[in-house]
Amino acid sequence: HVAVLGATGLLGQHVCRAAIASGHQLRVVHRPSSDLGRLDGLSYRAAAADLEDPAALARALGGVDGVVNCAAPYPRAPRPWREEVSAGLRMLDGFYRACDEAAVARIVYLGAAIVLQPRADGRPADEASVYATRPDQPNAYVQLKWALDRQAAEAAAAGLHPEAEILQRREIGVKGIEVLLDFLDVVGRDDLVARDAEFTAQVE
């Protein structure tokens, strides 16, 4: 039983369709203002909740086995990047607390490729290319995404409830979505790593 946040967005729509095609039950967690018409033809249960309301989000996630968060905050109005980062971290902290309260076992956080450092050899960057320290640029989007990536890594390291695992991904193609669904299906970790390596090789 898989929940998708941001299901009506560009990536979320594809994740929803792939989840159903893989045999998952789908729960669409959406803002009350979302246009669910974009999901016409799909079989799902809808639950209204906002990332800024952790209590409602926990209720919406009750009973699911995994969640894919395609709804990370995005800067929409000019303001100092430190304010943007602070607001985004509070919002996603509420998401992780909601997952903890709902005892969600598998959590997929989708980061952004923009915070990967270019590789010296010119090959495509991968998860090992993440900036170890805050990027030296004032771009609000870059700073926000770097901070959210770091927050996800820290949440994964600290652990939520005992059964929780957090996967960070950046792929948005078909093979990348397959990796996410493998994780939600709780395949063996060795198998997951092998499939992820296969996908990375195909990208390169």
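This is a predicted model: local features need pLDDT of at least 70, side-chain atom pairs count only at pLDDT 80 or more; totals for chains, interfaces and linings use all residues.
**Ground rules**

I number residues from 1 along each chain as its sequence is written, and for side-chain values I use heavy atoms, leaving out hydrogens and water.

**Entry 1: the whole chain**

I looked up the secondary structure and found six helices and six strands in the protein chain, where helices (H or I, at least four residues) and strands (E, at least two) are DSSP runs numbered from the N terminus. Read along the sequence, the elements follow the pattern β-α-β-β-α-β-α-β-α-β-α-α. Of the 204 residues in the protein chain, 44% are buried; buried means under 20% relative accessible area, exposed over 50%, and partly exposed in between (1.4 Å probe, protein chains only). I also looked up contacts, meaning heavy atoms within 4.5 Å, and among those in the protein chain with a separation of 6 or more, 64% join residues 24 or more positions apart.

**Entry 2: helix H2 and what covers it**

Which residues of helix H2 are buried? In H2, which spans residues 54–61, I listed Ala56, Leu57, Ala58, Ala60 and Leu61 as the buried ones. Their cover includes strand S1 (2–5), strand S2 (26–30), strand S3 (45–48), strand S4 (66–69) and helix H3 (81–101). Just after H2, I noted that Gly63 takes a positive phi of about 90 degrees.

**Entry 3: H2 against H3**

Two packed helices are described by the angle between their axes and the distance between the axes. For H2 and H3, the axes come within 8 Å and cross at roughly 40 degrees, the axes being lines fitted to C-alpha atoms, for helices over the stretch in contact, with angles running from 0 to 180 degrees between N-to-C directions. That angle makes H2 oblique to H3, because angles under 35 degrees count as roughly parallel, over 145 as roughly antiparallel, 65 to 115 as roughly perpendicular, and the rest as oblique. The crossing of H2 and H3 is right-handed; a crossing is right-handed if the near helix is turned clockwise from the far one by less than a right angle, and left-handed if anticlockwise. From H2 the contact takes Pro54, Leu57, Ala58 and Leu61, and from H3 it takes Gly94, Phe95, Arg97, Ala98, Cys99 and Glu101. I sorted these residues into seven nonpolar, one polar and two charged, counting Ala, Val, Leu, Ile, Met, Phe, Trp, Tyr, Cys and Pro as nonpolar, Asp, Glu, Lys and Arg as charged, and the others, Gly among them, as polar.

**Entry 4: H3 against H4**

How do the axes of H3 and helix H4 cross? The axes of H3 and H4 (residues 140–158) come within 9 Å and cross at roughly 30 degrees, which means that H3 is roughly parallel to H4. This crossing of H3 and H4 is right-handed. The contact includes Trp81, Glu84, Leu92 and Tyr96 of H3, and Ala140, Leu144, Leu148 and Ala155 of H4. By class, the contact of H3 with H4 has eleven nonpolar, three polar and two charged residues.

I also looked up Glu83, which is found in helix H3 and is partly exposed at a relative accessible area of 44%. Glu83 and Ala140 are 57 residues apart in sequence, yet their C-alpha atoms are 9.1 Å apart in space.

**Entry 5: salt bridges**

How many salt bridges does a search of the whole structure find? I recorded three, a salt bridge being a side-chain nitrogen of Lys or Arg within 4 Å of a carboxyl oxygen of Asp or Glu.

- Glu84 pairs with Arg79, the closest N and O atoms being 3.1 Å apart; Glu84 is buried at 6% relative accessible area, whereas Arg79 is partly exposed at 40%.
- Arg97 pairs with Asp93 at 3.0 Å between the closest N and O atoms, and both lie in helix H3, four residues apart, about one turn of the helix. Arg97 is partly exposed at 46% relative accessibility, and Asp93 is partly exposed at 35%.
- Arg150 and Glu154 meet at 3.6 Å, N to O, and both lie in helix H4, four residues apart. Arg150 is partly exposed at 39% relative accessible area, as is Glu154 at 47%.
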